[in-house]
Amino acid sequence: MKHTFYWHCTVIALLLCFSSCQKSYDEEEYKKNNQQEETKNDSNDTEKDSSADNDKKDDNNHAQADTVSIKEFRSNTIGGQIWVKGYIVGAASGRPKTLELAPPFTVKTALLLADDPQESSIDNVISVRLVAGKYRDALNLVDNPDNKGKCIAIYGIQKTYLNMPGIYNIDGIEYSIK
């Protein structure tokens, strides 16, 4: 009797495991639905492409529709990633705290951006962290002193860096912004 009970339980368990609640497969219906989705996606892609052409893109294809100034960036808490535009006015470091607004520059790890290329007040700048790699190589003022005074847009998340508003991780850049 005990053996029969276990056998019935095993059969029921196997039936539950291998049974399915899915609708049966119909190849014609699948093809029809797939074609409708492709047509819908093609029309959506066309709409997206035409609107995206109006937005400037960076080297990672991020649209620059909502670029903010340094003043806006400093005075607002911005959720998520954002473009910020400003002039490279100096370099900075946290250990020891170093702010360089004039050459010779000795710090490669962070930039200072401002709305005015001649800005000298630390209260009107933001910091941008430069990690080792392509952005540090291209932007740091030690190796590229001619970058001082150039306008640039940077894409990233607003975060406090070096005890001031800043961009902690760069996700995109755009040069020659006017």
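Figure 1. W83 has its bridge partner in β6, namely Y155. This is a predicted model, in which local features need pLDDT of at least 70 and side-chain atom pairs count only at pLDDT 80 or more, while totals for chains, interfaces and linings use all residues. Residues are numbered from 1 along each chain as its sequence is written, and side-chain values use heavy atoms, with hydrogens and water left out. Seven bridges join β2 to β6, and the two strands run antiparallel. Strands are DSSP runs of E, at least two residues long; helices are runs of H or I, at least four long; both are numbered from the N terminus. Two strands count as paired if DSSP finds at least two bridges between them.

**Figure 2. The β6–β7 hairpin.** Nine bridges join β6 to β7, again in antiparallel fashion. Y161 has M164 as its bridge partner in β7. Two residues lie between the strands of this hairpin. Strand β6 is mostly covered, with eight of its eleven residues buried. Buried means under 20% relative accessible area, exposed means over 50%, and partly exposed lies in between (1.4 Å probe, protein chains only).

**Figure 3. G156 inside strand β6.** G156 belongs to β6, which spans residues 151-161. Is G156 buried or exposed? G156 counts as buried because its relative accessible area is 0%. Leaving out residues up to four places away in sequence, G156 touches G80, Q81, I82, I167, N169 and D171. A contact here means heavy atoms within 4.5 Å. G172 is 16 residues from G156 in sequence, and their C-alpha atoms are 7.1 Å apart.

**Figure 4. The largest nonpolar core.** This core has 23 residues. A nonpolar core is a set of buried Ala, Val, Leu, Ile, Met, Phe, Trp, Tyr and Cys residues joined through side-chain atoms within 4.5 Å. Which residues have the most contacts inside the largest core? They are F73, V84, L113, L139, I154 and I170. At least two residues each come from α3 (70-75), β2 (81-94), β4 (110-114), β5 (125-129), α4 (134-139), β6 and β7 (164-175). Strand β2 gives the largest share, four residues. I170 touches V128, R129, L130, Y135, L139, I154 and Y155, not counting residues up to four places away in sequence. A second, separate core of nine residues includes V89, A110, A114 and Y161.

**Figure 5. S93 in strand β2.** S93 lies in β2. S93 counts as buried because its relative accessibility is 15%. Its contacts, aside from neighbours within four places in sequence, are T98, V107, T109 and L162.

Figure 6. How many salt bridges are counted? The count is one. The rule asks for a side-chain nitrogen of Lys or Arg within 4 Å of a carboxyl oxygen of Asp or Glu. D143 pairs with K108, and the closest N and O atoms are 3.2 Å apart. The pair links distant parts of the chain, 35 residues apart. D143 sits in the loop between α4 and β6, and K108 in the loop between β3 (97-100) and β4. D143 counts as partly exposed, at 44% relative accessibility. K108 also counts as partly exposed, at 34%.

**Figure 7. Confidence along the chain.** The protein has four helices and seven strands. Along the sequence they follow the pattern α-α-β-α-β-β-β-β-α-β-β. The average pLDDT is 76, and 64% of the residues score at least 70. pLDDT is the predictor's confidence in each residue, from 0 to 100. Where pLDDT is low, the predicted coordinates should not be read in detail.
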